[in-house]
Amino acid sequence: MKTIRIGGALGFWGDRTDALMDLLRGGPLDYIIMDYLAEITMSILQKQRQKNPGMGYAHDFVPLVRESLPLLRKNRVRLIADAGGLNPLGCAEALVNVARDAGCPGMKIGVVYGDDLMPHLESFAGMGIDLRHFETGASRKEIPGPILSANAYFGAFPIAEALDRGADIVVTGRVNDAALVLGPMIHEFGWRPEQYDLLARGTMTGHLLECGGQASGGNFNGGWQGVPDLANLGFPIGEVGEDGSLVMTIHPGQGGLMTPAVLKEQLLYEIGDPAAYIVADVVSDITQLEMEDLGNNRVRVRGVRGHPPTATYKVSMSYEGGYQISVGLVYTWPDCVAKAKAGADLVLKRLEKLGIRYRDHLVSILGYDGVHGTMSFKVEDPDEVYMRIAFLTDDSQTADRISREIVTHVLCGIPAACPLEAGRPSPHKQVAYWPSLIPKSVVSPCVDIKGGPA
Amino acid sequence: MKEVALARIAHGRSGDKGDTVNCGIIARKPEYYSVIEEQVTAARVREHFGIFCRGTVIRYDLPKIHAFNFVLTHALGGGGTVSLRIDTQGKTYAAALMRMKVLVPDDWGV
């Protein structure tokens, strides 16, 4: 039976960049996928595209490709990444240039795009497509700020098409994360759109690989003390067969851990109903999924079933929110909790006196109950706490005035307080998120090949 | 019977989708599964999170891997990009759930 090996080298934009080279050096692979796009990432990319229309993709993917190109070619590994973000064509063009500069002008860069719905929003409205919020049911007309981006989550078949057409590297815009893995499986094994069980197995393989090191011992709550060598964490590898069979593993000699306990945490990560994990290509059912520890950092996964896909693509839209600023001070023993509470009250009184208005605020006392509030096991008289107040304001000037106020409390406020960091905190603009659905019939993925022989 | 934190018999991971958080909770041994099934109900989890979850809690059971998935709606103060909380993405919610008390047999070495 034909088997391929796929590695997951990145779990989000900002994750370890040395994992790609470690995966390439550690042993044989056929594909490596890199998942850059979280919900939050699209809003970061949107901010960057606002400043520079040529951006909007994960720009540091490009030097990473440059660094890894010799090994990718030597080991015959193909790379698939959603680094294209809001500008996949711009990303592909940058990669063509990198390949040419590296003396590999024959490299073919596949690009999947067409997920950007911004140019079509008005025509959708004309067709009666409202893009309602899929959790609250609210109409798009109720979005309280200007829409900044709108993208459909495409599936794996466009990625498979790019590979069928000879792409060495595939970059995409918004696709569901697991599609990065299912795409090469469709390409290699010739799976068809109605082979739901196979597509579901490939999708769940993708779900296990899309968060990188979190599937091989990173962020492992079930026994982090027993995970070897997190500094050299081996990123996860799926050995997949043409029947959808799967063994998850890591390269020998690298850090990390592959056991059912580790893998179960990732399996359940960011899912809803386990009987209906919905992506563009298939609805997966993992309620009968089983794991078997094969020893030596190898886990067999089986029992995934598939059902026909829905008639819609998921859509993520972003819109302008307000400005957020977090300010705070460290208070020390004795009575530091009482001091922190008094300090927070004092900040709010001062803002009232100065006429500084804000939309919302939240006081948190870290070291006491700051993260988990009423759920915390409170220590009665801790040595030190950090008092943090987060504010939501209409504009950056207001946020800045709040930032100026907090530093005065070192001299004019509650005693024994010091700043946590040097300098004043600076505000950031919020980009809010609006998930929706759109009929598949009105959106079409585009696949193109850039570069290659002239 | 003795009272212990859920952390003694389970582990888990949590994450976000919009303003929804899910907590995947896994029994540390197969025999712990039924204790969690009986005692860590959706209603109790909803009560445990208090103001941190302003929506509903649904529990999904995965007996073949001795695990549960709890889905909490309206649980992030508006969602990852706009929340004023410290943990804006619900990364630590499973850890918060680990504080819940459960009753286990006295002879369990947990």
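Reader: How many residues does the largest nonpolar core have, and which have the most contacts inside it?

Author: This core has 73 residues, and those with the most contacts inside it are A:Ile6, A:Ile159, A:Leu263 and A:Ile438. Helix α7 (residues 179-189) of chain A contributes the largest share, seven residues, where helices (H or I, at least four residues) and strands (E, at least two) are DSSP runs numbered from the N terminus. A second, separate core has 44 residues, among them A:Ile32, A:Met42, A:Cys91 and A:Leu95. The word core stands for a set of buried Ala, Val, Leu, Ile, Met, Phe, Trp, Tyr and Cys residues joined through side-chain atoms within 4.5 Å.

Reader: What should I know about the model and its numbering?

Author: This is a predicted model, in which local features need pLDDT of at least 70 and side-chain atom pairs count only at pLDDT 80 or more, while totals for chains, interfaces and linings use all residues; side-chain values use heavy atoms, without hydrogens and water. Residues are numbered from 1 along each chain as its sequence is written, with chains lettered from A and ligands numbered from 1 in the order in which they are written.

Reader: Which residues does A:Ile159 touch?

Author: Not counting residues up to four places away in sequence, A:Ile159 touches A:Ile80, A:Val112, A:Val170, A:Thr172, A:Val175, A:Ala179, A:Leu180, A:Gly183 and A:Pro184; contact means heavy atoms within 4.5 Å.

Reader: Why is A:Ala340 called buried?

Author: Buried means under 20% relative accessible area, exposed over 50%, and partly exposed in between (1.4 Å probe, protein chains only). A:Ala340 has a relative accessible area of 0%, and is therefore buried. The residue lies in helix α10 (residues 336-354) of chain A, and, leaving aside neighbours within four places in sequence, is in contact with A:Tyr331, A:Ile365, A:Val385 and A:Met387.

Reader: How do you know whether A:Ser376 is buried or exposed?

Author: The relative accessible area of A:Ser376 is 13%, under the 20% limit, so this residue is buried. A:Ser376 is found in the loop between β15 and β16 (384-393) of chain A, and, apart from neighbours within four places in sequence, is in contact with A:Tyr368, A:Asp369 and B:Arg99.

Reader: What makes a space a cavity and not a pocket?

Author: On a 1 Å grid over the protein atoms alone, a cavity is a set of points where a 1.4 Å probe fits but cannot get out, whereas a pocket is an open set with protein on both sides within 12 Å along at least five of seven lines; lining residues have an atom within 4 Å of a point. By this rule there are two cavities of 30 Å³ or more. The largest cavity holds about 40 Å³ of space, and its lining is A:Glu39, A:Met42, A:Ser43, A:Ser149, A:Ser316, A:Met317, A:Ser318, A:Ala432 and A:Tyr433. About 30 Å³ lies in the second largest cavity, lined by A:Arg16, A:Asp18, A:Asp22, A:Ala231, A:Asn232, A:Leu233 and A:Phe235.

Reader: Which residues are closest to the centre of the second largest pocket, and how much space lies in that pocket?

Author: The second largest pocket holds about 1,000 Å³ of space, a volume being the space filled by probe spheres set on grid points that are joined across faces, edges and corners. Of the 50 residues that line this pocket, B:Gly77, B:Gly78, B:Ser83, B:Leu84 and B:Arg85 are the closest to its centre. β15(A) gives the most to this lining, with six residues.
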